[in-house]
Amino acid sequence: MIVLDGLGAGAAVDAHRFGDAGADTLGHVAASAPGGLSVPALERLGLGCVAPLAGVAAPARPDAVIGRLAERSAAKDSAVGHWELMGHVTHRPPPVYPEGFPPQVMERFAAATGRGWLCNAPASGTEVIERHGAEHLRTGALIVYTSADSVFQVAAHEALVPPEELYRHCAAAREILQGPHAVLRVIARPFAGEPGAFVRTAGRRDLALAPPGPTALDLLLEAGVPTVGVGKIGQLFAGRGLGADHASAGDADGLRIVAQALREMGEGLVLANLLDLDTRYGHRNDPLGFAEGLRRIDEALRAVLAALGDGDLLVVTADHGNDPTTPGTDHTREWVPLIAHVAGADHEGARWVGEFADVAGTALHRLGIGAAGALAGRPIPLPEALSPSRT
(Lines give C-alpha, C1' and ligand atoms only; values in the text may rest on other atoms or scores of the structure.)
Protein backbone atom coordinates (compact mmCIF):
# COMPACT_ATOMS: atom_id res chain seq x y z
CA MET A 1 0.00 0.00 0.00
CA ILE A 2 1.60 3.19 -1.26
CA VAL A 3 0.56 6.55 0.18
CA LEU A 4 1.45 9.48 -2.08
CA ASP A 5 1.70 12.17 0.57
CA GLY A 6 -0.39 15.23 -0.33
CA LEU A 7 -1.95 13.89 -3.56
CA GLY A 8 -5.52 15.12 -3.13
CA ALA A 9 -8.18 14.46 -5.78
CA GLY A 10 -10.61 17.36 -5.42
CA ALA A 11 -12.16 19.38 -2.61
CA ALA A 12 -13.87 17.24 0.02
CA VAL A 13 -17.54 17.80 0.85
CA ASP A 14 -16.48 19.63 4.02
CA ALA A 15 -13.51 21.47 2.47
CA HIS A 16 -15.12 24.87 3.15
CA ARG A 17 -14.92 24.19 6.90
CA PHE A 18 -11.14 23.98 6.54
CA GLY A 19 -10.83 27.00 4.25
CA ASP A 20 -10.10 24.75 1.27
CA ALA A 21 -13.10 25.18 -1.04
CA GLY A 22 -11.94 24.69 -4.64
CA ALA A 23 -8.77 22.77 -3.78
CA ASP A 24 -7.84 20.08 -6.32
CA THR A 25 -4.23 18.96 -6.09
CA LEU A 26 -4.28 16.43 -8.94
CA GLY A 27 -6.41 18.51 -11.28
CA HIS A 28 -4.55 21.77 -10.76
CA VAL A 29 -1.11 20.15 -11.01
CA ALA A 30 -2.08 18.43 -14.26
CA ALA A 31 -3.49 21.68 -15.69
CA SER A 32 -0.32 23.58 -14.72
CA ALA A 33 2.11 21.21 -16.46
CA PRO A 34 2.79 21.89 -20.17
CA GLY A 35 1.06 19.04 -21.99
CA GLY A 36 -0.38 17.72 -18.74
CA LEU A 37 0.94 14.87 -16.62
CA SER A 38 3.24 12.16 -17.98
CA VAL A 39 2.40 9.07 -15.93
CA PRO A 40 1.97 6.07 -18.27
CA ALA A 41 2.02 3.40 -15.54
CA LEU A 42 -0.58 5.20 -13.43
CA GLU A 43 -2.56 5.93 -16.59
CA ARG A 44 -2.81 2.20 -17.39
CA LEU A 45 -3.93 1.55 -13.82
CA GLY A 46 -6.67 4.15 -14.25
CA LEU A 47 -5.54 7.41 -12.64
CA GLY A 48 -7.36 9.32 -15.39
CA CYS A 49 -10.61 7.65 -14.29
CA VAL A 50 -10.37 9.19 -10.81
CA ALA A 51 -11.07 12.59 -12.37
CA PRO A 52 -10.41 14.24 -15.76
CA LEU A 53 -6.69 15.06 -15.86
CA ALA A 54 -4.75 16.94 -18.51
CA GLY A 55 -2.41 14.56 -20.34
CA VAL A 56 -3.87 11.41 -18.75
CA ALA A 57 -6.24 9.17 -20.71
CA ALA A 58 -9.18 7.46 -19.00
CA PRO A 59 -9.21 3.82 -20.19
CA ALA A 60 -12.60 2.16 -20.49
CA ARG A 61 -11.33 -0.87 -18.55
CA PRO A 62 -8.53 0.30 -16.25
CA ASP A 63 -6.26 -2.30 -14.68
CA ALA A 64 -7.53 -1.58 -11.16
CA VAL A 65 -10.60 -0.74 -9.11
CA ILE A 66 -10.73 3.05 -9.30
CA GLY A 67 -12.34 5.56 -6.99
CA ARG A 68 -11.99 8.21 -4.31
CA LEU A 69 -11.89 8.08 -0.53
CA ALA A 70 -13.20 10.64 1.99
CA GLU A 71 -11.65 11.39 5.36
CA ARG A 72 -13.87 11.22 8.46
CA SER A 73 -11.25 12.45 10.95
CA ALA A 74 -11.41 16.06 12.08
CA ALA A 75 -8.03 17.00 10.63
CA LYS A 76 -5.97 17.09 7.44
CA ASP A 77 -2.64 15.98 8.88
CA SER A 78 -0.35 13.17 7.72
CA ALA A 79 -0.46 11.32 11.04
CA VAL A 80 -4.27 11.42 11.30
CA GLY A 81 -4.61 10.53 7.62
CA HIS A 82 -2.37 7.48 7.95
CA TRP A 83 -4.08 6.38 11.17
CA GLU A 84 -7.43 6.51 9.41
CA LEU A 85 -6.10 4.63 6.39
CA MET A 86 -5.21 1.93 8.92
CA GLY A 87 -8.67 2.03 10.51
CA HIS A 88 -8.50 4.55 13.38
CA VAL A 89 -10.77 7.60 13.03
CA THR A 90 -9.85 10.72 15.07
CA HIS A 91 -13.07 12.48 16.05
CA ARG A 92 -11.67 15.27 18.25
CA PRO A 93 -9.71 17.95 16.39
CA PRO A 94 -6.08 18.04 17.54
CA PRO A 95 -4.79 21.30 19.04
CA VAL A 96 -3.54 23.97 16.63
CA TYR A 97 -1.82 27.26 17.41
CA PRO A 98 -2.57 30.06 14.93
CA GLU A 99 -1.24 32.58 17.47
CA GLY A 100 1.79 30.52 18.47
CA PHE A 101 2.31 28.34 21.53
CA PRO A 102 1.37 29.68 24.98
CA PRO A 103 3.98 30.97 27.43
CA GLN A 104 3.74 27.93 29.72
CA VAL A 105 4.78 25.66 26.83
CA MET A 106 7.62 27.88 25.62
CA GLU A 107 8.97 28.48 29.13
CA ARG A 108 9.16 24.75 29.80
CA PHE A 109 10.78 24.18 26.40
CA ALA A 110 13.42 26.85 27.02
CA ALA A 111 14.17 25.39 30.46
CA ALA A 112 14.47 21.86 29.03
CA THR A 113 16.78 22.83 26.17
CA GLY A 114 18.86 25.56 27.83
CA ARG A 115 18.33 27.68 24.73
CA GLY A 116 16.03 30.55 23.87
CA TRP A 117 13.61 30.55 20.98
CA LEU A 118 12.69 32.62 17.95
CA CYS A 119 9.47 33.08 15.92
CA ASN A 120 6.81 30.94 17.72
CA ALA A 121 4.20 31.56 15.02
CA PRO A 122 2.76 29.84 11.94
CA ALA A 123 5.32 30.00 9.14
CA SER A 124 6.61 28.36 5.99
CA GLY A 125 9.63 26.19 6.74
CA THR A 126 11.82 27.68 4.04
CA GLU A 127 10.82 31.27 4.80
CA VAL A 128 11.28 30.92 8.54
CA ILE A 129 14.94 29.94 8.27
CA GLU A 130 15.61 32.83 5.89
CA ARG A 131 13.89 35.25 8.26
CA HIS A 132 15.40 34.00 11.53
CA GLY A 133 18.45 31.97 10.49
CA ALA A 134 21.05 34.72 10.97
CA GLU A 135 19.74 35.62 14.44
CA HIS A 136 19.67 31.93 15.32
CA LEU A 137 23.38 31.65 14.43
CA ARG A 138 24.16 34.79 16.43
CA THR A 139 22.19 33.90 19.57
CA GLY A 140 21.90 30.10 19.56
CA ALA A 141 18.13 30.37 20.07
CA LEU A 142 16.07 27.64 18.42
CA ILE A 143 13.57 28.53 15.69
CA VAL A 144 10.13 27.30 16.76
CA TYR A 145 7.17 27.49 14.41
CA THR A 146 3.91 25.79 13.52
CA SER A 147 1.40 25.70 10.65
CA ALA A 148 -2.31 25.14 10.12
CA ASP A 149 -1.62 21.55 11.18
CA SER A 150 -1.11 20.26 14.71
CA VAL A 151 2.69 20.48 14.69
CA PHE A 152 5.52 21.91 16.79
CA GLN A 153 8.51 22.39 14.48
CA VAL A 154 12.04 23.18 15.59
CA ALA A 155 14.67 24.37 13.11
CA ALA A 156 18.39 24.62 13.88
CA HIS A 157 21.57 25.01 11.86
CA GLU A 158 23.62 21.81 11.81
CA ALA A 159 26.88 23.67 12.40
CA LEU A 160 25.53 25.22 15.61
CA VAL A 161 23.14 22.52 16.83
CA PRO A 162 24.15 19.05 15.55
CA PRO A 163 21.16 16.94 14.49
CA GLU A 164 21.48 14.57 17.45
CA GLU A 165 21.22 17.53 19.83
CA LEU A 166 18.23 18.86 17.88
CA TYR A 167 16.56 15.45 18.17
CA ARG A 168 17.05 15.55 21.95
CA HIS A 169 15.45 18.99 22.11
CA CYS A 170 12.50 17.69 20.08
CA ALA A 171 12.18 14.67 22.36
CA ALA A 172 11.96 17.11 25.29
CA ALA A 173 9.24 19.02 23.44
CA ARG A 174 7.37 15.78 22.82
CA GLU A 175 7.34 15.11 26.59
CA ILE A 176 6.07 18.63 27.27
CA LEU A 177 3.38 18.57 24.59
CA GLN A 178 0.93 16.18 26.20
CA GLY A 179 -2.60 16.54 27.54
CA PRO A 180 -4.34 19.67 26.21
CA HIS A 181 -1.21 20.55 24.19
CA ALA A 182 -0.72 17.09 22.65
CA VAL A 183 0.11 18.17 19.11
CA LEU A 184 0.14 15.36 16.61
CA ARG A 185 3.78 15.79 15.65
CA VAL A 186 6.97 17.41 16.89
CA ILE A 187 9.25 17.83 13.87
CA ALA A 188 13.01 18.38 13.86
CA ARG A 189 14.07 20.55 10.91
CA PRO A 190 17.87 20.81 10.59
CA PHE A 191 19.28 23.20 7.98
CA ALA A 192 22.65 24.28 6.64
CA GLY A 193 24.26 26.99 4.50
CA GLU A 194 24.97 30.68 4.86
CA PRO A 195 22.61 33.65 5.37
CA GLY A 196 20.76 34.25 2.15
CA ALA A 197 21.36 30.66 1.04
CA PHE A 198 20.05 28.47 3.85
CA VAL A 199 18.81 25.01 2.83
CA ARG A 200 16.95 22.36 4.81
CA THR A 201 18.87 19.10 5.02
CA ALA A 202 17.69 15.48 4.89
CA GLY A 203 17.77 15.05 8.68
CA ARG A 204 14.09 15.74 9.30
CA ARG A 205 12.62 13.61 12.08
CA ASP A 206 8.95 13.37 13.14
CA LEU A 207 7.99 12.49 16.70
CA ALA A 208 4.31 11.60 16.39
CA LEU A 209 1.83 10.67 19.05
CA ALA A 210 1.04 7.00 19.07
CA PRO A 211 -2.40 6.31 17.56
CA PRO A 212 -4.95 6.64 20.40
CA GLY A 213 -6.53 3.31 19.46
CA PRO A 214 -5.68 0.09 17.62
CA THR A 215 -4.89 0.08 13.91
CA ALA A 216 -4.78 -2.60 11.24
CA LEU A 217 -1.01 -2.72 11.74
CA ASP A 218 -1.52 -3.69 15.39
CA LEU A 219 -4.03 -6.42 14.54
CA LEU A 220 -1.88 -7.88 11.79
CA LEU A 221 1.28 -7.92 13.87
CA GLU A 222 -0.54 -9.51 16.82
CA ALA A 223 -1.82 -12.22 14.47
CA GLY A 224 1.69 -12.98 13.28
CA VAL A 225 1.26 -11.42 9.83
CA PRO A 226 4.43 -9.62 8.67
CA THR A 227 4.13 -5.83 8.54
CA VAL A 228 6.73 -3.58 6.92
CA GLY A 229 6.88 0.22 7.02
CA VAL A 230 8.72 2.24 4.37
CA GLY A 231 9.57 5.94 4.53
CA LYS A 232 8.25 7.77 7.59
CA ILE A 233 5.65 5.13 8.52
CA GLY A 234 7.51 4.21 11.71
CA GLN A 235 7.53 7.85 12.80
CA LEU A 236 3.83 8.38 12.02
CA PHE A 237 2.80 5.32 14.04
CA ALA A 238 5.41 5.87 16.79
CA GLY A 239 6.93 2.51 15.82
CA ARG A 240 3.79 0.59 16.72
CA GLY A 241 2.43 -2.32 14.72
CA LEU A 242 5.52 -2.80 12.55
CA GLY A 243 7.64 -5.91 12.32
CA ALA A 244 10.19 -4.01 10.22
CA ASP A 245 10.65 -0.36 9.35
CA HIS A 246 12.85 1.10 6.59
CA ALA A 247 13.70 4.76 6.16
CA SER A 248 14.02 5.96 2.57
CA ALA A 249 16.09 8.59 0.80
CA GLY A 250 13.27 9.96 -1.34
CA ASP A 251 10.36 8.59 -3.32
CA ALA A 252 12.30 6.50 -5.85
CA ASP A 253 14.28 4.87 -3.05
CA GLY A 254 11.05 4.17 -1.16
CA LEU A 255 9.61 2.35 -4.16
CA ARG A 256 12.86 0.42 -4.57
CA ILE A 257 12.49 -0.79 -0.96
CA VAL A 258 8.84 -1.71 -1.60
CA ALA A 259 9.78 -3.79 -4.66
CA GLN A 260 12.52 -5.57 -2.72
CA ALA A 261 10.13 -6.36 0.15
CA LEU A 262 7.57 -7.76 -2.28
CA ARG A 263 10.17 -10.06 -3.80
CA GLU A 264 11.26 -11.32 -0.38
CA MET A 265 7.90 -11.70 1.42
CA GLY A 266 5.53 -14.63 1.11
CA GLU A 267 2.59 -12.70 2.60
CA GLY A 268 1.94 -9.64 4.70
CA LEU A 269 1.48 -5.89 4.39
CA VAL A 270 3.99 -3.34 3.08
CA LEU A 271 2.87 0.22 3.90
CA ALA A 272 4.94 2.98 2.30
CA ASN A 273 4.79 6.77 2.56
CA LEU A 274 6.25 8.78 -0.34
CA LEU A 275 6.90 12.22 1.08
CA ASP A 276 8.47 14.33 -1.67
CA LEU A 277 5.27 15.53 -3.35
CA ASP A 278 4.15 17.06 -0.05
CA THR A 279 7.34 18.51 1.37
CA ARG A 280 9.27 19.48 -1.76
CA TYR A 281 6.44 20.74 -3.96
CA GLY A 282 3.08 21.08 -2.25
CA HIS A 283 4.31 23.13 0.70
CA ARG A 284 6.48 25.19 -1.65
CA ASN A 285 3.69 26.08 -4.10
CA ASP A 286 5.53 24.38 -6.97
CA PRO A 287 3.02 22.71 -9.32
CA LEU A 288 5.59 22.05 -12.04
CA GLY A 289 7.89 20.33 -9.55
CA PHE A 290 4.89 18.38 -8.29
CA ALA A 291 4.16 17.15 -11.84
CA GLU A 292 7.79 16.14 -12.29
CA GLY A 293 7.73 14.35 -8.94
CA LEU A 294 4.71 12.35 -10.12
CA ARG A 295 6.56 11.45 -13.33
CA ARG A 296 9.50 10.10 -11.32
CA ILE A 297 7.16 8.13 -9.05
CA ASP A 298 5.47 6.67 -12.10
CA GLU A 299 8.80 5.58 -13.50
CA ALA A 300 9.88 3.91 -10.23
CA LEU A 301 6.45 2.29 -9.80
CA ARG A 302 7.17 -0.05 -12.70
CA ALA A 303 9.57 -2.10 -10.58
CA VAL A 304 6.86 -2.50 -7.93
CA LEU A 305 4.35 -3.70 -10.53
CA ALA A 306 6.92 -6.18 -11.86
CA ALA A 307 7.48 -7.56 -8.35
CA LEU A 308 3.80 -8.41 -7.81
CA GLY A 309 2.76 -12.05 -8.05
CA ASP A 310 -0.65 -13.00 -9.40
CA GLY A 311 -3.21 -12.31 -6.69
CA ASP A 312 -1.09 -9.69 -4.91
CA LEU A 313 -2.87 -6.40 -4.20
CA LEU A 314 -1.34 -2.98 -4.81
CA VAL A 315 -3.21 0.02 -3.36
CA VAL A 316 -2.15 3.56 -4.32
CA THR A 317 -3.80 6.38 -2.39
CA ALA A 318 -2.99 9.51 -0.34
CA ASP A 319 -3.37 10.92 3.17
CA HIS A 320 -4.64 14.47 2.39
CA GLY A 321 -4.26 17.13 -0.27
CA ASN A 322 -1.57 19.78 -0.69
CA ASP A 323 -2.67 21.88 -3.65
CA PRO A 324 0.39 23.93 -4.69
CA THR A 325 -1.78 26.39 -6.66
CA THR A 326 -3.89 27.61 -3.73
CA PRO A 327 -2.98 30.52 -1.43
CA GLY A 328 -0.88 29.49 1.54
CA THR A 329 1.45 26.54 1.98
CA ASP A 330 -0.61 24.18 4.13
CA HIS A 331 -2.41 20.88 3.52
CA THR A 332 -5.80 20.96 1.84
CA ARG A 333 -8.94 19.03 2.79
CA GLU A 334 -9.61 16.79 -0.24
CA TRP A 335 -10.80 13.46 -1.43
CA VAL A 336 -7.88 11.14 -2.13
CA PRO A 337 -7.51 8.84 -5.13
CA LEU A 338 -7.99 5.09 -4.88
CA ILE A 339 -6.23 2.68 -7.22
CA ALA A 340 -6.60 -0.95 -6.13
CA HIS A 341 -4.82 -3.33 -8.53
CA VAL A 342 -4.96 -7.10 -8.14
CA ALA A 343 -2.16 -8.56 -10.25
CA GLY A 344 -3.41 -11.02 -12.83
CA ALA A 345 -7.09 -10.06 -12.44
CA ASP A 346 -9.73 -8.57 -14.74
CA HIS A 347 -11.08 -5.52 -12.90
CA GLU A 348 -14.01 -5.06 -15.32
CA GLY A 349 -14.08 -1.28 -14.93
CA ALA A 350 -15.09 -1.47 -11.24
CA ARG A 351 -15.45 1.76 -9.22
CA TRP A 352 -15.49 2.46 -5.48
CA VAL A 353 -16.35 5.58 -3.49
CA GLY A 354 -15.71 5.15 0.21
CA GLU A 355 -13.65 6.24 3.20
CA PHE A 356 -9.98 6.23 4.12
CA ALA A 357 -10.54 3.35 6.54
CA ASP A 358 -11.70 1.08 3.72
CA VAL A 359 -7.98 0.59 3.02
CA ALA A 360 -7.64 -1.04 6.46
CA GLY A 361 -10.81 -3.06 5.99
CA THR A 362 -9.44 -4.37 2.71
CA ALA A 363 -6.04 -5.27 4.14
CA LEU A 364 -7.51 -7.18 7.05
CA HIS A 365 -10.00 -9.01 4.85
CA ARG A 366 -7.42 -10.11 2.29
CA LEU A 367 -4.96 -11.21 4.95
CA GLY A 368 -7.59 -13.22 6.82
CA ILE A 369 -7.80 -11.10 9.97
CA GLY A 370 -11.19 -10.25 11.47
CA ALA A 371 -11.39 -6.76 12.98
CA ALA A 372 -14.51 -7.71 14.98
CA GLY A 373 -15.74 -4.12 14.88
CA ALA A 374 -12.57 -2.76 16.49
CA LEU A 375 -11.74 -0.61 13.46
CA ALA A 376 -13.55 1.53 10.93
CA GLY A 377 -13.65 0.57 7.27
CA ARG A 378 -15.22 -1.90 4.85
CA PRO A 379 -13.45 -4.30 2.50
CA ILE A 380 -13.37 -3.00 -1.06
CA PRO A 381 -14.82 -5.64 -3.42
CA LEU A 382 -11.93 -6.85 -5.55
CA PRO A 383 -11.62 -9.43 -8.32
CA GLU A 384 -9.60 -12.59 -7.90
CA ALA A 385 -6.56 -13.27 -10.03
CA LEU A 386 -7.20 -15.64 -12.92
CA SER A 387 -4.39 -17.89 -11.69
CA PRO A 388 -3.07 -16.74 -8.30
CA SER A 389 0.55 -17.71 -7.73
CA ARG A 390 0.56 -17.32 -3.94
CA THR A 391 -1.76 -16.76 -1.03
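This report walks through a few contacts inside a predicted model.

## Two helices side by side

Let's start with a pair of helices. H10 covers residues 251–264 and H12 covers residues 287–307; their axes come within 8 Å and cross at roughly 5°. Angles under 35 degrees count as roughly parallel, so H10 is roughly parallel to H12.

Which residues of H10 meet H12? On the H10 side they are Asp251, Ala252, Leu255, Val258, Ala259, Leu262 and Arg263. Their partners in H12 are Ile297, Ala300, Leu301, Ala303, Val304 and Ala307. Sort the residues of this contact by class and you get eleven nonpolar, two charged and no polar ones.

Now for the aromatic rings. A pair of them is described by the distance of the centres and the angle of the planes. The model has four aromatic pairs. One of them joins phenylalanine 109 and phenylalanine 152, with 5.2 Å from centre to centre and 75° between the planes, which makes it edge-to-face. Phenylalanine 109 lies in helix H5 (residues 103–113) and phenylalanine 152 in strand S5 (residues 151–157), so this pair ties together parts that are 43 residues apart in sequence.

## A histidine in a loop

Histidine 181 sits in the loop between helix H7 (163–176) and strand S6 (185–192). Its relative accessibility is 19%, so histidine 181 counts as buried. What does histidine 181 touch, not counting residues up to four places away in sequence? The list is Pro95, Tyr97, Pro102, Gln104 and Val105.

## A charge over a ring

Here a ring meets a charge instead: the charged end of arginine 205 sits over the ring of tyrosine 167, 3.8 Å from the ring's centre.

## What covers helix H1

Finally, take a look at helix H1, residues 25–32. Its buried residues are Thr25, Leu26, Gly27, Val29 and Ala30. The cover over them includes helix H3 (47–50), strand S13 (336–342) and H12. That last one is the helix that also meets H10.

How values were computed. Residues are numbered from 1 along each chain as its sequence is written. This is a predicted model: local features need pLDDT of at least 70, side-chain atom pairs count only at pLDDT 80 or more; totals for chains, interfaces and linings use all residues. Side-chain values use heavy atoms; hydrogens and water are left out. Axes are lines fitted to C-alpha atoms, for helices over the stretch in contact, and angles run from 0 to 180 degrees between N-to-C directions. Helices (H or I, at least four residues) and strands (E, at least two) are DSSP runs, numbered from the N terminus. Angles under 35 degrees count as roughly parallel, over 145 as roughly antiparallel, 65 to 115 as roughly perpendicular and the rest as oblique. Contact means heavy atoms within 4.5 Å. Ala, Val, Leu, Ile, Met, Phe, Trp, Tyr, Cys and Pro count as nonpolar, Asp, Glu, Lys and Arg as charged, and the others, Gly among them, as polar. Rings of Phe, Tyr and Trp (its six-membered ring) pair if their centres lie within 6.5 Å; planes under 30 degrees apart count as stacked, over 60 as edge-to-face and the rest as tilted. A charge sits over a ring if NZ of Lys or CZ of Arg is within 6 Å of the ring centre and within 35 degrees of the ring normal. Buried means under 20% relative accessible area, exposed over 50%, partly exposed in between (1.4 Å probe, protein chains only).
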